[in-house]
Amino acid sequence: MTGRGGGRPLTELSGLGPRMAERLERLGVTTQEALLFHLPYRYQDRTRVIAIGALAPDQEAGCQGVVRAAEVVGRRRPMFVARIEDGTGFLTLRFFQVREYLKRSLRPGRGVWAFGTVRAGQTGLEMVHPELETDAEEPPEAPAHLTPVYAATEGLTQGRLRAWIGQALSRAGARLPEHLPEEVRREHGWPALAEALETVHRPPADADVEALTAFRTPAQQRLAFEELLAHHLALRKVGQERRSARAPVLEGTGELTNALLASLPFALTGAQERAWAEVRGDLRGHHPMQRLIQGDVGSGKTVVAALALLQAVEAGHQAALMAPTEILAEQHAATLAEWLRPLGLEVHWLAGSLPERERRAQAEAIANGAARVVVGTHALFQKEVRFAELGLVVIDEQHRFGVHQRMALKEKGPDPHLLIMTATPIPRTLAMTAFADLEGTVIDELPPGRQPVDTVGISDARREEVEARIRDAVAGGQQAYWVCPLVDESEMLQLEAATATHERLQAAFPELSVGLVHGRMTPEEKEAAMGAFKEGTTHLLVATPVIEVGVDVPNATLMVIEHAERMGLAQLHQLRGRVGRGSRKSACVLLYHPPLGEKAKRRIAAMRETNDGFRIAQVDLELRGPGEVLGTRQTGLEQMRIADLGRDRDLIAALPGAADALLRTDPEAANALIRRWVGDRAVYGEVG
């Protein structure tokens with residue numbers, strides 16, 4: 001992010017030259033004001049001193065001691081090592097670079113205060129690159145208050161950041177303009193901006209430690225609300241800009257859409273009919289459709305997307321469908337080809353893995369308009385790909401395609417219509433903030449005959465029972481998946497790898513055909529493995545989570561997920577959705593390695609208790625937070641500096657009203673808030 005607020009140059013701060021300013025710019029910090037809004041993401045409690053003898057591995061702690069020995073060790077890769085002692089035990093301080101200041105500071109006999117993460121070393125406990133305070137006489141005192149920790153980059157230390165932020169506070173803190181309406185601050189009892197920044201950057205000695213570390217102090221809540229408001233305003237204006245733009249009117253003739261509906265071996269559900277009516281109406285409008293369709297696994301979103309693609313083609317325009325992974329894009333291409341070829345439409349394919357010659361040929365067909373329906377990955381939206389007359393873009397799995405990518409679609413044509421689909425339900429509070437630029441549709445009905453998938457959690461000590469269950473399923477003419485988190489064995493994570501599991505299951509089931517598919521295979525290898533499974537020649541498919549979305553084999557009725565305790569709820573729910581796609585009763589076995597942690601217990605309990613994607617999404621939000629639920633590095637919320645959509649969801653309900661009031665009374669303040677917290681005016685535009 002760039003352009004966060006105007007203000008005085010960074011290089012006016014003492015000790016901050018052009019090189020350091022360049023490093024700060026990597027963090028989106030270009031001015032002194034922007035530096036003040038580079039907020040701590042956590043706090044360290046350095047006020048307590050832990051006796052060395054009481055330290056434990058993986059503990060973040062501060063301790064005091066006296067240097068008893070210090071030396072440079074190693075010839076090929078020299079390191080500086082000091083050994084300190086406090087009467088209860090010894091601790092090694094290890095530094096991978098040999099610096100003169102370390103030799104001076106850590107001479108034998110000097111007192112040391114050290115803070116860092118403890119780990120087990122070859123000669124006992126040690127800290128690697130701890131933060132230090134040293135004194136010639138005795139160990140220095142620990143800090144008197146909590147210490148803020150900031151996001152940093154190579155060459156920027158926490159100490160330097162704290163010093164520069166302290167200077168910026170002293171110079172400019174009280175003069176920062178106040179953009180949050182006073183009535184909002186008064187209603188919640190929140191402090192003024194300058195006081196709030198002072199509190200979060202330099203917590204007073206008497207600060208409420210529990211509230212501060214939980215980010216629930218009035219100062220933090222005030223800043224979190226202001227940041228959420230800025231993002232809400234920015235996304236809302238993105239939506240307003242698109243709604244005020246002109247789009248091609250995709251009236252359609254009904255010839256292709258009616259032909260597809262007549263050819264399908266099933267009738268649309270009521271929820272699909274409602275979704276299609278909303279999409280059809282949007283496409284016929286003068287402004288770009290921007291609709292998010294949420295539908296649980298197996299609810300039939302792809303049919304609605306196919307109808308939309310056909311209406312665009314009927315109206316004389318091109319239509320594109322983009323998916324985040326090649327395996328999902330390939331599945332969509334195959335499904336659409338099966339439906340559209342009988343109607344006389346060829347489905348074109350574009351992905352990064354295509355040979356250069358094929359890629360150029362497809363790009364040319366897209367550019368000259370010969371390709372009417374195109375399916376692909378992010379490769380569809382690279383600059384060199386030009387559409388002749390793009391009218392509609394359909395994007396699957398929204399959480400991997402965020403607001404910045406949504407805006408990039410403008411480069412592909414005069415504001416094409418946009419339809420986004422997701423099988424990962426988004427709690428309403430998150431949708432209000434992260435997708436304020438989109439209209440919402442929910443497909444809340446499964447096709448007739450679909451039955452809930454029975455889910456059980458089983459310890460991996462009972463693996464033989466699971467294998468017997470697979471034999472029974474295959475003997476009954478059905479198929480099964482066995483999903484593993486890794487491709488190859490890892491010493492760090494003692495998990496079953498897909499390759500090893502494939503070999504073991506081949507040996508365990510000599511009478512069965514056991515297939516293997518994982519992300520490191522070539523597209524041709526993956527297609528062959530999946531093709532054999534779809535055709536039924538493979539009875540059991542061992543896979544990594546590449547099959548998480550898009551794979552549809554109705555005859556597969558059993559899903560075994562290895563090391564389920566290591567996977568998130570959204571992924572478990574998606575994987576479970578690969579079974580239960582036919583009329584037969586299906587089951588999902590969550591194979592876990594005990595003992596289970598509290599979060600793993602809650603995940604497995606949620607999977608056992610419900611098949612409802614929205615309930616699972618809410619539990620997922622509570623357990624993981626919005627960053628992972630939404631994939632914030634893609635949604636445009638990746639630069640949240642203090643707000644947390646899960647933790648601060650009680651603030652979200654007040655955002656629309658505050659935004660309305662601000663836009664009505666002081667639109668320039670709304671613009672200033674966006675510049676301060678979000679930046680990127682070229683993406684988000686001006687408000688007003």
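## Surface and overall fold

The protein chain exposes about 29400 Å², of which carbon and sulfur atoms supply 49%; accessible areas come from the Shrake-Rupley method with a 1.4 Å probe, and for residues only the protein chains shown count as cover. The model is predicted: local features need pLDDT of at least 70 and side-chain atom pairs count only at pLDDT 80 or more, while totals for chains, interfaces and linings use all residues. Residues are numbered from 1 along each chain as its sequence is written, and side-chain values use heavy atoms, with hydrogens and water left out.

The protein chain contains 27 helices and 21 strands (DSSP runs numbered from the N terminus: H or I of at least four residues for helices, E of at least two for strands). Of its 688 residues, 55% count as buried (under 20% relative accessible area; exposed is over 50%, and partly exposed lies in between). Among contacts (heavy atoms within 4.5 Å) between residues at least 6 apart in sequence, 75% join residues at least 24 apart.

## Salt bridges across the chain

The whole structure holds 35 salt bridges, each defined as a side-chain nitrogen of Lys or Arg within 4 Å of a carboxyl oxygen of Asp or Glu. One of them pairs Glu12 with Arg171, the closest N and O atoms being 3.9 Å apart. This pair links distant parts of the chain, 159 residues apart: Glu12 belongs to the segment before α1 (18-26), and Arg171 to helix α4 (residues 158-172). Glu12 is partly exposed at 35% relative accessibility, as is Arg171 at 28%.

Glu562 and Arg463 form another salt bridge, with the closest N and O atoms 2.9 Å apart. Because Glu562 lies in strand β20 (residues 556-562) and Arg463 in helix α16 (residues 463-475), the pair ties together parts that are 99 residues apart in sequence. Glu562 is buried at 1% relative accessibility, and Arg463 is buried at 16%.

## A salt-bridge network

Glu33 forms a salt bridge with Arg676, the closest N and O atoms being 3.3 Å apart. The two residues stand 643 residues apart, Glu33 in helix α2 (residues 32-36) and Arg676 in helix α26 (residues 667-677). Glu33 is buried, with a relative accessible area of 15%, and Arg676 is buried at 3%. Both belong to a network of salt bridges that also links Glu178, Arg185, Arg222 and Glu226.

## A negative surface patch

Asp135, Glu137, Glu138 and Glu141 gather in a surface patch of negative charge (residues with over 30% relative accessible area and no salt bridge, like charges being joined within 9 Å). Asp135 is part of strand β7 (residues 131-135) and is partly exposed at 32% relative accessibility.

Definitions and conventions
Patches are made of residues with over 30% relative accessible area and no salt bridge: like charges are joined within 9 Å, nonpolar side chains (Val, Leu, Ile, Met, Phe, Trp, Tyr) within 5 Å. Lys and Arg count as positive and Asp and Glu as negative; His and the chain ends are not counted. The place of a charge is taken as NZ of Lys, CZ of Arg, CG of Asp or CD of Glu. Buried means under 20% relative accessible area, exposed over 50%, partly exposed in between (1.4 Å probe, protein chains only).
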